[in-house]
Amino acid sequence: MDTASQTAQVSVEGVWKVFGRKAREARAMAKEGASREQIQTATGSVVAVRDITFEVAPGETFVVMGLSGSGKSTLIRCVSHLVEPTEGRVEVCGTELTRADGATLRDLRRQKMAMVFQHFGLFPHRKVVDNVAYGLEVQGVERQERHGRARELLDTVGLEGWGDHYPQQLSGGMQQRVGLARALAVDPEVLFFDEPFSALDPLIRRDMQDELIDLQLKLQRTLVFITHDFAEALKLADRIAIMNDGTFVQVGTPVEILTSPADDYVRAFTQDAPVAKVLQACTLMRPLDGASIDPGWPLVSMTTPLEAALPHLLGSTSPVVVCDEQHAPVGLLRGEDVAGVLSENRG
Ligand SMILES: Nc1ncnc2c1ncn2[C@@H]1O[C@H](COP(=O)(O)OP(=O)(O)O)[C@@H](O)[C@H]1O
Ligand SMILES: [Mg+2]
């Protein structure tokens, strides 16, 4: 085992998922290079995930992005073991899920991993606070303690005072916040998100994305996040995997994907994405590395959208200084780096 897989929090190796009876035939055809459609016509089976391998480091946000039907949900269900992969190996927090017995899996689900879905999946007859506390209740935490923790988490996700309401009294965005609070309640190391914001209105979606970024800066959990929205992927990801027809066509940082798209499928996304709106100064800055700073250079924060930093860079040869929350300089944003990312972008 190499060092990467020893430290990876999520490790996926050669995972396949074939739906239908003729899995073996379907897999053989796929290995010969047949498309999903050809295989389905010939065997009636669907190769939803084909031979996927990746690792996610502790604290990393790994986003899987692809069009509807590309196999994203099936993949994340294989990784969280809600679905048994047809072939391959999955390890989460050092436990090999593909070999674990029922009790081990149950413990892992209760303590170390949590899932947030598109359609909230809240219990309608339980109050919000009891929805959030559910995982703790299952762990046997007594009522007062779990309610205390649940109310703290409701504050964290901006729902202070809503604990005694029922889910249907809340808007979609608020219900998704409850879903997030519920997932965080058991203090999991790994969180799986399957298009959690896709059903929300654009403005609320943007709020939720910002909040997830803020939370993640504090919590530093390992996130595997599924989306069909490339802009959302750019905004949230440390690394993005672009998925098509059951496989990853490219895996890289947002900047890598924007500056060297692997093929036309990826290029189509990069050209139309609102890059200047969603990429933040911290994504494109270069570390300071002891460089001296001219007091005349403009300052921006790490989360400043590129768009807002651009006016400082246009027509100027000086960089912009990127500062952390304590206003300490941490990096420099340079015109040429920004131009490289925006050169072919039409968004
Ligand atoms: N339980 C299932 N039985 C048969 N086919 C399925 C099942 N779940 C998903 N599929 C098929 O697998 C493919 C990938 O689906 P899915 O993982 O839901 O994609 P995505 O989440 O990217 O939209 C689709 O062709 C879908 O119809
Ligand atoms: Mg899906």
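Helix α16 is followed by G315, and the phi of G315 is positive, near 65°. Helices here are DSSP runs of H or I with at least four residues, strands are runs of E with at least two, and both are numbered from the N terminus. Before going on, keep in mind that this is a predicted model: local features need pLDDT of at least 70, side-chain atom pairs count only at pLDDT 80 or more, and totals for chains, interfaces and linings use all residues. Residues are numbered from 1 along each chain as its sequence is written, while chains are lettered from A and ligands numbered from 1 in the order in which they are written.

Back to α16, which covers residues 306–313 and has L306, A309 and L313 buried. Looking down the axis of α16, you'd find its buried residues within an arc of 65°, so they line one face of the helix. "Buried" means that 20 or more other C-beta atoms lie within 10 Å of the residue's own; with 12 or fewer it is exposed, in between it is partly exposed, and the C-beta atoms are placed from the backbone. The arc is taken over the directions from the helix axis to the C-beta atoms. There's a handy rule behind such faces: an α-helix has 3.6 residues a turn, so residues three or four places apart point the same way. The cover over the buried residues of α16 includes α14 (275–278), α15 (281–284), β12 (299–301), β13 (320–323), β14 (329–333) and α17 (335–342). Contact, by the way, means that two residues have their C-beta atoms, placed from the backbone, within 7 Å.

Now try α3. Its buried residues are R36, I39 and T43. They cover an arc of only 65° around the axis, which puts them on the same side of α3. E37 and T41, on the other side of α3, are exposed. Among the elements covering the buried residues of α3 are α2 and β2 (46–56).

How do α2 and α3 meet? The axes of α2 (residues 23–31) and α3 (residues 36–43) come within 10 Å and cross at roughly 145°. Those axes are lines fitted to C-alpha atoms, for helices over the stretch in contact, and the angles run from 0 to 180 degrees between N-to-C directions. On the α2 side, E25, A26, M29 and A30 make the contact, and on the α3 side I39, A42 and T43 do. Sorted by type, the contact has 5 nonpolar, 1 polar and 1 charged residue. In this sorting, Ala, Val, Leu, Ile, Met, Phe, Trp, Tyr, Cys and Pro count as nonpolar, Asp, Glu, Lys and Arg as charged, and the others, Gly among them, as polar.

Then there's α9. Among the buried residues of α9 are Q175, R177, V178 and L184. Its buried residues pack against β6 (113–117), α6 (128–132), α7 (134–138), α8 (143–156), β7 (190–194) and α10 (202–219).

Next, a look at backbone angles. Most residues other than glycine have a negative phi, and most peptide bonds are trans.

| Residue | Where | Phi |
|---|---|---|
| G44 | just after α3 | about 80° |
| D187 | just after α9 | about 55° |

E195 isn't a glycine, yet its phi is positive, about 50°. You'll find E195 in the loop between β7 and α10, and it is buried, with 20 other C-beta atoms within 10 Å. D245 isn't a glycine either and has a positive phi of about 50°. It sits in the loop between β9 (239–244) and β10 (247–252), and with 18 C-beta neighbours inside 10 Å, D245 counts as partly exposed.

Q169 lies in the loop between α8 and α9 and is exposed, with 12 other C-beta atoms within 10 Å. From C-alpha to C-alpha, Q169 and P124 are 9.8 Å apart in space and 45 residues apart in sequence. S68, in the loop between β3 (61–66) and α4, counts as exposed with 9 C-beta neighbours inside 10 Å. S68 and M243 are 175 residues apart in sequence, but 10.0 Å apart in space, C-alpha to C-alpha.
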